[in-house]
Amino acid sequence: MICLVLALFAHVFQPGRGAERTFVAVKPDALQRRLLGDIVRRFERKGFRLVAMKLVQASEDLLSEHYFALRDRPFYNHLVKYMSSGPVVAMVWQGLDVVKTARAMIGETNPADSRPGTIRGDFCIEVGKNVIHGSDSIESARREISLWFREDELICWEDHAEHWIHE
Ligand code: ADP
């Protein structure tokens, strides 16, 4: 009986299929090169829902937390310098399988390995200037969203097109 009640409770309160969220940052080189609109347009046209966006001059503290896992890599100092060299546009996108799909849309870490049609494959050529970041897992997405955004900056709005995009 208790199991049945718990199962019903879990069913009623489970997030919808399209409720997954990911963190995306358009990097300083992309802003300098006026690529922001093209990049945002790709996520919109794919059918994802924008739930947060802001222009941020990232501090070294923020970047050192964001890239904590890479702190011992030889390119780490260069990376922090690059990411703080100008503003970035931080965004949260929501939708079905958005974490995995956004990574596919972004391409490989090294633009030289990224297929044409991906963001890195189309807009850049070098790993040190690869125009965009996207969370690599649902766990990273949760961590990065809470690092870059306060809860009240995430806007829940009704997406009237959602039922045209997935079941
Ligand atoms: P991704 O951004 O594809 O998830 P990583 O998490 O491995 O890739 O690396 C984070 C960022 O560090 C990359 O997007 C890139 O800006 C930078 N980076 C990674 N490898 C190198 C490298 N060999 N030289 C310079 N910068 C690098």
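This is a predicted model: local features need pLDDT of at least 70, side-chain atom pairs count only at pLDDT 80 or more; totals for chains, interfaces and linings use all residues.
Residues are numbered from 1 along each chain as its sequence is written. Local features need pLDDT of at least 70, side-chain atom pairs count only at pLDDT 80 or more, totals for chains, interfaces and linings use all residues, and side-chain values use heavy atoms, leaving out hydrogens and water.

Student: Is P87 buried, partly exposed or exposed?
Tutor: Buried means under 20% relative accessible area, exposed over 50%, and partly exposed in between (1.4 Å probe, protein chains only). P87 has a relative accessible area of 32%. So P87 is partly exposed.

Student: Which residues does P87 touch, not counting those up to four places away in sequence?
Tutor: Contact means heavy atoms within 4.5 Å. P87 and L31 are 56 residues apart along the chain, yet their C-alpha atoms are separated by 7.5 Å. L31 is on the list of residues touched: K27, P28, L31, L55, V56 and Q57.

Student: How do α3 and α6 lie to each other: parallel, antiparallel, perpendicular or oblique?
Tutor: Helix α3 (residues 36-46) and helix α6 (residues 98-106) pack at about 135°, axes 12 Å apart. Helices are DSSP runs of H or I, at least four residues, numbered from the N terminus; axes are lines fitted to C-alpha atoms over the stretch in contact, and angles run from 0 to 180 degrees between N-to-C directions. Under 35 degrees is roughly parallel, over 145 roughly antiparallel, 65 to 115 roughly perpendicular, and the rest oblique. That makes α3 oblique to α6.

Student: Which residues of α3 and α6 make the contact?
Tutor: α3 supplies R42, F43 and K46. From α6 come T101, A102, M105 and I106.

Methods. Helices (H or I, at least four residues) and strands (E, at least two) are DSSP runs, numbered from the N terminus.
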